[in-house]
Amino acid sequence: MQPDISLEALIAGDRLEFARLVDAYSNPIYRLGLRMLGNPQDAEDVLQNTFLNVLMHISEFEGRSSLQTWLYRIAANEALMLIRKRKPEMDLEGVEAEGSAEDVIPSQFVDWSALPEEELLSGEGKRTLDRAIAQLPESLRIVFILRDVEGLSIKETGEALNLTETNVKTRLLRARLFLREQLSAYYRERMTPQERGTK
Amino acid sequence: MTAHTHANCENLLSSLSEYIDGGLSPELCQEIEKHLTGCENCRVVLNTTKRTIDLVQQPENQAAVPEDVRERLFKRLNLDDYLKPSSR
């Protein structure tokens, strides 16, 4: 749910309202930075640069998207810029982002979905998930983060990333199938033959 | 491992995300559910994809801003006066 922040107060330079905005969105923006860049120092840079940008440009905000979507757009741009700086050879619009969803054909068919929560949310389970997300190409990862981690709609994700809804849907499906495949390969090894065979 | 390339399975795969997100028409949902009844592999792909999304959204997997990072952020933004302990 979007917190109740007054745009008028922000534009008028109300510092308390800006502090409320910062507190409301620090966690998701820090998480975005952490997932995109993979280390706390870069995540902190994304966080600081995002809000410095907001502070600088809030008076130019035209309300074509929601304030939340605008914030995520700034944060995503900051993260992608930092990635380009760190890895200049990276082509973010590269071939891995395109192609059809169908080329991520599942090859793992073991049903681990009913494994107990304590196993799926254990330290090792969490690390496996983190690693799998980190392996996603950046252009798919940012879509997955906005849509599935932070809960933006397809339309909002498209607005934040300047992508069509069709493009968001294709990237999201590819990201989801990629992660599912990685987790399936991991949990397959941890299930007993009985658990695997009965599913 | 057998490749999962049956035509109906491919159709399901391309609609999987929208099916999970509830964005398909009732007619398409019905068609998918009919296919799922007879296709174990697709049921597994559906269950495990849903579970993958669900795991990502668990609070245990959601990092929060450390307090020292929050403090530096408030200072950088000249918001020191409003730096009350976070309620999170």
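This is a predicted model: local features need pLDDT of at least 70, side-chain atom pairs count only at pLDDT 80 or more; totals for chains, interfaces and linings use all residues.
User: What makes the span of helix 1 of chain B close to the expected one?

Analyst: Helix 1 of chain B covers residues 7-20, which gives 14 residues. The expected span is 1.5 Å times one less than the number of residues, and for this helix 20 Å is expected. From first C-alpha to last, the helix reaches 20 Å, so the two values are close.

User: Why is a kink assigned to helix 1 of chain B, and where is it centred?

Analyst: The bend is the angle between axes fitted to the seven residues ending at a position and the seven starting there. In helix 1 of chain B that kink is about 45° and is centred on B:S14.

User: Which residues of helix 1 of chain B are called buried, and what covers them?

Analyst: They are B:L12, B:L13, B:L16 and B:S17. A residue is called buried if 20 or more other C-beta atoms lie within 10 Å of its own, so each of these four meets that cut-off. Their cover includes helix 2 (26-38) and helix 3 (40-56) of chain B, together with helix 9 of chain A.

User: How many residues does each chain give to the contact between chains A and B?

Analyst: Chain A gives 42 residues and chain B gives 36. On the chain A side, helix 2 (15-37) is among the elements that give two or more residues, and helix 2 has the largest share, 11 residues. By class, that side has 24 nonpolar, six polar and 12 charged residues.

User: What is known of the two domains of chain A and their contact?

Analyst: The domain assignment gives domain 1 (7-86) and domain 2 (95-197). Their C-alpha centres lie 25 Å apart, and the contact takes 13 residues from domain 1 and 14 residues from domain 2. On the domain 1 side, helix 2 and helix 4 (67-86) of chain A give two or more residues, and helix 4 has the largest share, six residues.

User: Which residues have the most contacts inside the largest nonpolar core?

Analyst: The core has 61 residues, and those with the most contacts inside it are A:V46, A:A75, A:A79, A:V143 and A:A175. Helix 2 of chain A contributes the largest share of this core, 10 residues. At least three residues come from each of domain 1 and domain 2 of chain A.

Methods. Residues are numbered from 1 along each chain as its sequence is written. Chains are lettered from A and ligands numbered from 1 in the order in which they are written. Two residues are in contact if their C-beta atoms, placed from the backbone, lie within 7 Å. Ala, Val, Leu, Ile, Met, Phe, Trp, Tyr, Cys and Pro count as nonpolar, Asp, Glu, Lys and Arg as charged, and the others, Gly among them, as polar. A residue is buried if 20 or more other C-beta atoms lie within 10 Å of its own, exposed if 12 or fewer, and partly exposed in between; C-beta atoms are placed from the backbone. Domain bounds come from an automatic or database domain assignment. A nonpolar core is a set of buried Ala, Val, Leu, Ile, Met, Phe, Trp, Tyr and Cys residues joined through C-beta atoms within 7 Å.
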